[in-house]
Amino acid sequence: MSEERLFSYGTLRDPKVQRAVFGREIASTADAITGWRLREVANSSAQAVAISGLAVHTVLEPGDGPPIEGALFRITQADLVRADAYESAEYKRVEVTLRSGATAWVYVRA
């Protein structure tokens, strides 16, 4: 089974969201991303809003600013598919290099 790395700066860090999306809590390590900035976005997915309890989420877009702290998850490919299903049309998944030098998937503005 191959391991995937996913960086989360938002709702996927919430244990309640993790249990709903992955069926369990996911262990993580702290990391950060640079070269991006956070913006608020109205989430178009009723399911994501119901799971997170938030109608407005944050999204990354290219830009300057301080490093954005978050969590680096080591998950399965099946977990990555579950995360893709949770994210709404406002997001797309791209591969980035984190401050630690690790490469990981992250969700950014579509």
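**Helix packing, core and loop residues**

Helices H1 (residues 15-22) and H3 pack with their axes 9 Å apart, at an angle of about 110°. Axes here are lines fitted to C-alpha atoms, for helices over the stretch in contact, and angles run from 0 to 180 degrees between N-to-C directions. H1 is therefore roughly perpendicular to H3, a term for angles of 65 to 115 degrees, with angles under 35 degrees counted as roughly parallel, over 145 as roughly antiparallel and the rest as oblique. On the H1 side, Val 17, Val 21 and Phe 22 make the contact, and on the H3 side, Asp 79, Arg 82, Ala 83 and Tyr 86; contact means heavy atoms within 4.5 Å. By class, five nonpolar, no polar and two charged residues take part in the contact of H1 with H3. In this classification Ala, Val, Leu, Ile, Met, Phe, Trp, Tyr, Cys and Pro are nonpolar, Asp, Glu, Lys and Arg are charged, and the others, Gly among them, are polar.

The structure is a predicted model, in which local features need pLDDT of at least 70 and side-chain atom pairs count only at pLDDT 80 or more, while totals for chains, interfaces and linings use all residues. Residues are numbered from 1 along each chain as its sequence is written, and side-chain values use heavy atoms, with hydrogens and water left out. Helices (H or I, at least four residues) and strands (E, at least two) are DSSP runs, numbered from the N terminus.

The buried residues of H1 are Val 17, Gln 18, Val 21 and Phe 22. They cover an arc of only 100° around the axis, which puts them on the same side of H1; the arc is that of the directions from the helix axis to the C-beta atoms. Buried means under 20% relative accessible area, exposed over 50% and partly exposed in between, with a 1.4 Å probe and protein chains only. The elements that cover the buried residues of H1 include helix H2 (46-52), E5 and H3.

In helix H3 (residues 77-86), Asp 79, Leu 80, Ala 83 and Tyr 86 are buried. Seen down the axis of H3, these residues fall within an arc of 115°, so they line one face of the helix. The exposed residues Val 81 and Ala 85 are carried by the face of H3 turned away from its buried side.

The largest nonpolar core has 31 residues, of which Leu 6, Tyr 9, Leu 12, Ile 33, Leu 60 and Val 106 touch the most other members. Strand E5 (residues 68-76) supplies the largest share of this core, five residues. A nonpolar core is a set of buried Ala, Val, Leu, Ile, Met, Phe, Trp, Tyr and Cys residues joined through side-chain atoms within 4.5 Å. In soluble globular proteins, nonpolar side chains tend to be buried together.

Leu 6 lies in strand E1 and is buried, at 0% relative accessibility. Leaving aside neighbours within four places in sequence, the contacts of Leu 6 include Leu 12, Ala 71, Leu 72, Phe 73, Ile 75, Leu 80 and Ala 83, along with Ala 104, Trp 105, Val 106 and Tyr 107. The C-alpha atoms of Leu 6 and Arg 99 are separated by 14 Å, and the two residues are 93 residues apart along the chain.

Several loop residues were also examined. Thr 11 lies between strand E1 (3-8) and H1 and is buried, with a relative accessible area of 17%. Not counting residues up to four places away in sequence, Thr 11 touches Val 17, Ser 52, Leu 54, His 57 and Tyr 86. Ala 102, in the loop between strand E6 (91-97) and strand E7 (103-109), is buried with a relative accessible area of 13%. Beyond its neighbours within four places in sequence, Ala 102 is in contact with Arg 5, Asp 31, Leu 72, Val 96 and Thr 97. Between the C-alpha atoms of Ala 102 and Asp 31, 71 residues apart along the chain, the separation is 9.0 Å.

Thr 34, in the loop between strand E2 (28-33) and strand E3 (36-42), is partly exposed at 44% relative accessibility. The C-alpha atoms of Thr 34 and Arg 99 are separated by 6.8 Å, at 65 residues apart along the chain. Asp 64, in the loop between strand E4 (56-62) and E5, counts as exposed at 73% relative accessibility. Not counting residues up to four places away in sequence, Asp 64 touches Trp 36 and Arg 37.
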